[in-house]
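Colleague: I'm new to reading protein models. Could you walk me through how to look at charged side chains?

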Amino acid sequence: MNRTKKAGLSVKSGLSLMCIVCLLCGLLCGFFWLAGENSALAAGPDGSALAAKAVVSGDASLALLAENHVQTGLLQHSIASKAVMRALAREFGEDEELWGLTGLLHDVDYPATEATPEKHGLEGARLLEGKLPEEALTAIRAHNGEMTGCAPQTRFDFALRCGETITGLISAA
């Protein structure tokens with residue numbers, strides 16, 4: 001018997017509970033970091049400024065999502081994530097284009113990794129190598145850190161992790 005059923009929960013209510021936990025995690029952990037509690041978050045892991053530019057354009061990124069079989073619901077989530085990431089970049093004085101593209105492309109690998117969540121984010125970063133700078137790839141790896149083992153470290157990492165979680169909850173509703 002399914003453990004979720006034993007506890008008197010359906011799979012759907014179990015997933016809803018997981019979404020609530022993700023939201024609370026994002027709110028309680030991530031937003032402290034986004035608020036600037038750690039000044040090192042404005043820099044990359046090596047302390048350098050985050051200034052590299054994306055190679056992929058907005059149109060090419062949409063084509064990349066289509067090539068990787070991203071379906072309508074996930075595309076809506078990706079577009080909402082782009083909007084949230086652009087707004088956060090504006091708030092923090094970061095590169096709106098780069099943060100927006102990262103939000104748009106962060107789940108590019110989801111159709112291929114849906115059954116292997118430990119690869120989700122890692123495969124996406126691999127697909128985007130040479131198209132986005134390393135700090136964007138790191139944020140993509142870290143947005144699924146509990147499964148990939150890549151913990152968020154920078155403001156960019158936490159912004160993607162929190163921003164996409166909230167848009168995921170809205171898209172799922």
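Modeller: Residues are numbered from 1 along each chain as its sequence is written, and side-chain values use heavy atoms, with hydrogens and water left out.

Colleague: Which residue does Glu97 meet in a salt bridge?

Modeller: Side chains of opposite charge can pair when their charged atoms come close. A salt bridge is a side-chain nitrogen of Lys or Arg within 4 Å of a carboxyl oxygen of Asp or Glu. Here Glu97 pairs with Arg86 at 3.4 Å, N to O. Glu97 lies in helix 5 and Arg86 in helix 4, so the pair ties together parts that are 11 residues apart in sequence. Helices (H or I, at least four residues) are DSSP runs, numbered from the N terminus.

Colleague: Which residues are linked in the network of salt bridges?

Modeller: Arg86, Arg90, Glu96 and Glu97. Glu96 also bridges to Arg86, with the closest N and O atoms 3.4 Å apart.

Colleague: And how confident is the predictor?

Modeller: Check pLDDT, the predictor's confidence in each residue, from 0 to 100. Where it is low, the predicted coordinates should not be read in detail. The protein chain averages 76, but pLDDT stays under 50 over residues 21-53.

Conventions: Predicted model: local features only at pLDDT ≥ 70, side-chain atom pairs only at ≥ 80, totals over all residues. Contact = heavy atoms within 4.5 Å. Helix = DSSP H or I, 4+ residues; strand = E, 2+ residues; numbered from the N terminus.
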